[in-house]
Amino acid sequence: MKKILITGAKGFLGSNAARFFKQRDFKTFGIGHGDMSDLEQTENGLDFWINKEISVDSILNIGEKFDVIIHCAGSGSVSYSIKNPYKDFKKTVSATLEVLEYIRLHNSNAHLIYPSSPAVQGECNNIPIKEDYKGEPLSPYGYHKRFAEDLCRSYNQKYNIKISIVRLFSVYGNGLKKQLLWDAFHKIREAKQEVVFFGTGSETRDFIHVNDAIIIFDALLKIPERFIIINGGTGLDSTVKFIVETIRDLVDKSINIKFDNKVNEGNPSFYCADTNKLNYYGIEIKNNLKQELKNYINWIKKIDD
């Protein structure tokens, strides 16, 4: 039986990954912050969980060798990185270095999958972003993700560690309790007549369902390249205005939507993935945004009732 370690396995992406690979007969191990009962472990698809900082020693204490490590732990917020750059660096860069050192010293045959972000590339024109596009990050979050990617590249080149980097765009799905979709639902539900959102509404995002993100992880296990960077997106862009109005129509059609036209610090105006590399490797994105938005809103309604 193959063994997989998922850092940050209590989080949205990590827990979905654990459930997926558990169903595919992997023995699943998780490490990260927070206590977890036996029932929670089972619900999150984990055979083993350890509440520890990500470090060489804490991974060693698990006492296993892993075929795959998915490093989901780390910062996931641009605004947090702006307010707490030092803590963001520790969560993202330092933790990634610990994982790489663990592999180098103790588990050199492990395949590392690192979920990164197009924030490493910064602002781009309103066109699909290719993996080789080089721009300047707009936030500490983007710089820290870039540093982590650079560390991955250096460990691959120097120590021949197999590493796959997936630049995930806007991941969503049942279980996500933060970011635009979650916030928009609650703002609209609590409004009486009107809701004002940040920005212009013309900003674009590429929303990829969490199930599709994990399908990419799984597909990468079958690709022989020792180092790859690939976009995790759909190639379809949606304006923020379209997204919040779609949510409004699912919650309360009488609510008026407005935007304050302020600049959203640290966030590029346009995000859309170039999917040529996904297509080249035969990786198919299946989930339909409008249907999955409806499923997501119904899930929030259910847990909020």
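This is a predicted model: local features need pLDDT of at least 70, side-chain atom pairs count only at pLDDT 80 or more; totals for chains, interfaces and linings use all residues.

Reader: At what angle do the axes of α1 and α8 cross?

Author: Axes are lines fitted to C-alpha atoms, for helices over the stretch in contact, and angles run from 0 to 180 degrees between N-to-C directions. For α1 (residues 12-23) and α8 (residues 210-220), the axes come within 10 Å, and the crossing angle is roughly 60°.

Reader: Which residues of α8 make the contact with α1?

Author: Contact means heavy atoms within 4.5 Å. From α1 come Phe 12, Leu 13, Asn 16, Ala 17, Phe 20 and Phe 21, and they meet, in α8, Val 210, Asn 211, Ile 214, Ile 215, Phe 217 and Asp 218.

Reader: How are α5 and α6 oriented to each other?

Author: Helix α5 (residues 85-106) packs on helix α6 (residues 140-159) with the axes 9 Å apart. Their angle is about 15°. The two helices, α5 and α6, are therefore roughly parallel.

Reader: How far does α7 reach from its first C-alpha to its last?

Author: Helix α7 (residues 179-190) has twelve residues. The expected span is 1.5 Å times one less than the number of residues. That gives an expected 16 Å for α7, and the helix comes close to it, reaching 17 Å.

Reader: Which residues of α7 are buried?

Author: Buried means under 20% relative accessible area, exposed over 50%, and partly exposed in between (1.4 Å probe, protein chains only). The cover over the buried residues of α7 includes β7, β8, β10, α9, β13 and α11. Those buried residues are Leu 181, Trp 182, Ala 184, Phe 185, His 186 and Ile 188.

Reader: Which residues does Ile 300 touch?

Author: Ile 300 lies in α11 and is buried, with a relative accessible area of 0%. Leaving aside residues up to four places away in sequence, Ile 300 touches Trp 182, Phe 185 and His 186.

Note on methods. Residues are numbered from 1 along each chain as its sequence is written. Side-chain values use heavy atoms; hydrogens and water are left out. Helices (H or I, at least four residues) and strands (E, at least two) are DSSP runs, numbered from the N terminus. Angles under 35 degrees count as roughly parallel, over 145 as roughly antiparallel, 65 to 115 as roughly perpendicular and the rest as oblique.
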